[in-house]
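I opened this notebook to record, entry by entry, what I looked up in one structure. The sequence and the model are shown first.

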Amino acid sequence: MIIDAPFFRRGGALALAVLLAACSSGEGDNAGGKPGRGKRPPQLVSAQVAAMEDFAPTLLALGTVTPSQSVAVRPRGDGEIMSIAFKEGDNVRAGQLLFRIDSRQARAAVAQAEGELKGAIAAERRATLDYERAEKLVEKGFVSAAARDLARANAWSARSQIETNRALLQSAQVQLSFLTVTAPISGRTGELGFRRGATVRQGDATPLVTINQISPIHVRFLVPAANVQQARAVQASGGGTVLARDRQSGEVLATGRLVFLDNNIDPGNGGVAARAEFRNEGDVLWPGAIIDVEFPLERATPHITLPEGAVQTGRDAPFVWAVSGTAKAPGAKGSGGKVQMRNVDIAGRLRGKVYLAGGVKPGEQVVVDALARLKEGDTVRLKGPDKPQLAASPDRPAAPAGSAG
């Protein structure tokens, strides 16, 4: 049997290469002591220290700003508008002059009623004297009893006529007063319905002007049926604190209190109409505006607070990734910290924060980004804007509360 030496050498070299490749693959599969899995490199994440903040279960609702009073001023007498004593948009006081309507005819009616009253008083005096004379002449036999009785009836009739004329005078004076229009409430005037020189009449559909009282001012919103009892308790304790926030910026515009809860649940929306009152200093709230209403339903108590993005929804419960050990910065020597999945109890959410009732302790580091790439037991390194951010450990204090990684 003849063996080709060069071929044998080439075949041996090929077999040796296959064997070395298999050994190398076996070492990779068993890295970290776990057959069939490669070692995951440390994940670069940001973390935040769990801190305590006061939190109360809070109702968030849309609110509509409404004036505490709104009066459409209408004419109660007919005539031409002679003068207007304010400008559109002015603030006016209750009782302040607004309009003067032509009163010449009404004044003439008052003068006529006054003259008729004076005539009735004179007639009553004359009738009374006639009766007194008849009473004396009856005793002497010069006047019959029938004539005396007639004189007495005339005197009584004259007295009743005085009362009638006095009432007519009062009516004329009232009609005259209607032609001087004053503000029924204090507030801000709106657009004029009529200008100087226009003729107005009772029953006009268009008001002379509308006055809205905007200090104090009200905000209407809905309280869900499930929170009615909590809202009642807050109202009974003085109304609590209701915040009015700008819908765009979230800025607090005004602080008020709950002053009204309706007496029934609206079947259309399942809520109870509520109204909060605000002093409205500086007129920051304007009738008709839509704002965000923030209404704490209970007394505030300390809770663990985290950014809303740090909490994920799990199969059985919400959870966070907590960092254990010491996580080093990229490029640092030594092993990094490890992450652990931690189920949490959520007490509430408010303005981008989650408030926890359990699952995380104050001072623990919680991952706030790169959440989708993490697995239980992964090694992580923390990043920061200026210098490496390290997780808390027994030999190094935690970062200040509220810091972001």
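The entries below cover strand pairing, nonpolar cores and aromatic rings. I note at the outset that the model is predicted.

**Entry 1. Strands around strand 21**

I began with strand 21, residues 353-358, and looked up its partners. Strand 16, residues 301-307, pairs with strand 21 in the antiparallel sense over four bridges. In this pairing I found Pro307 opposite Lys353.

I then turned to strand 20, residues 345-350, which also runs antiparallel to strand 21 and is joined to it by five bridges. Here Ile346 stands opposite Leu356. Strand 20 and strand 21 form a hairpin with two residues between the strands, and in that hairpin Arg351 takes a positive phi near 50°.

**Entry 2. Nonpolar cores**

Which residues touch the most other members of the largest nonpolar core? I found Leu98, Phe99, Leu208, Val209 and Ile211, in a core of 26 residues. The elements that give two or more residues to this core are strand 7 (97-101), helix 2 (104-140), helix 3 (145-177) and strand 11 (209-224). Helix 2 supplies the largest share, five residues.

Apart from this core I located another, of 25 residues, which includes Val223, Val228, Leu285 and Leu297.

I also listed the contacts of Leu98, leaving aside its neighbours within four places in sequence. Among them are Ile84, Phe86, Val92, Val181 and Ile211.

**Entry 3. Aromatic pairs**

How many aromatic pairs does the structure hold? I recorded four, and I examined two of these in detail.

In the pair of Phe86 and Phe99, the ring centres are 5.4 Å apart and the planes stand at 85°, so the pair is edge-to-face. Phe86 lies in the loop between strand 5 (79-84) and strand 6 (91-92), and Phe99 lies in strand 7, so the pair ties together parts that are 13 residues apart in sequence. Both Phe86 and Phe99 are buried.

Phe221 and Phe295 form an edge-to-face pair as well, with 6.2 Å from centre to centre and 65° between the planes. This pair links distant parts of the chain, since Phe221 is in strand 11 and Phe295 in strand 15 (residues 290-296), 74 residues apart.

Are Phe221 and Phe295 buried or exposed? Phe221 has 3% relative accessibility and therefore counts as buried. Phe295 is buried too, with a relative accessible area of 0%.

**Entry 4. A charge over a ring**

Lastly, I looked up Arg275. Its charged end sits over the ring of Phe260, 4.5 Å from the ring centre.

Key:
Residues numbered from 1 in each chain as written. Predicted model: local features only at pLDDT ≥ 70, side-chain atom pairs only at ≥ 80, totals over all residues. Heavy atoms only, no water. Pairing = 2+ DSSP bridges. Core = buried A, V, L, I, M, F, W, Y, C linked by side-chain atoms within 4.5 Å. Buried < 20%, exposed > 50% of the residue type's maximum accessible area, 1.4 Å probe, protein only. Contact = heavy atoms within 4.5 Å. Phe/Tyr/Trp six-rings, centres within 6.5 Å; stacked < 30°, edge-to-face > 60°. Lys NZ or Arg CZ within 6 Å of the ring centre and 35° of its normal.
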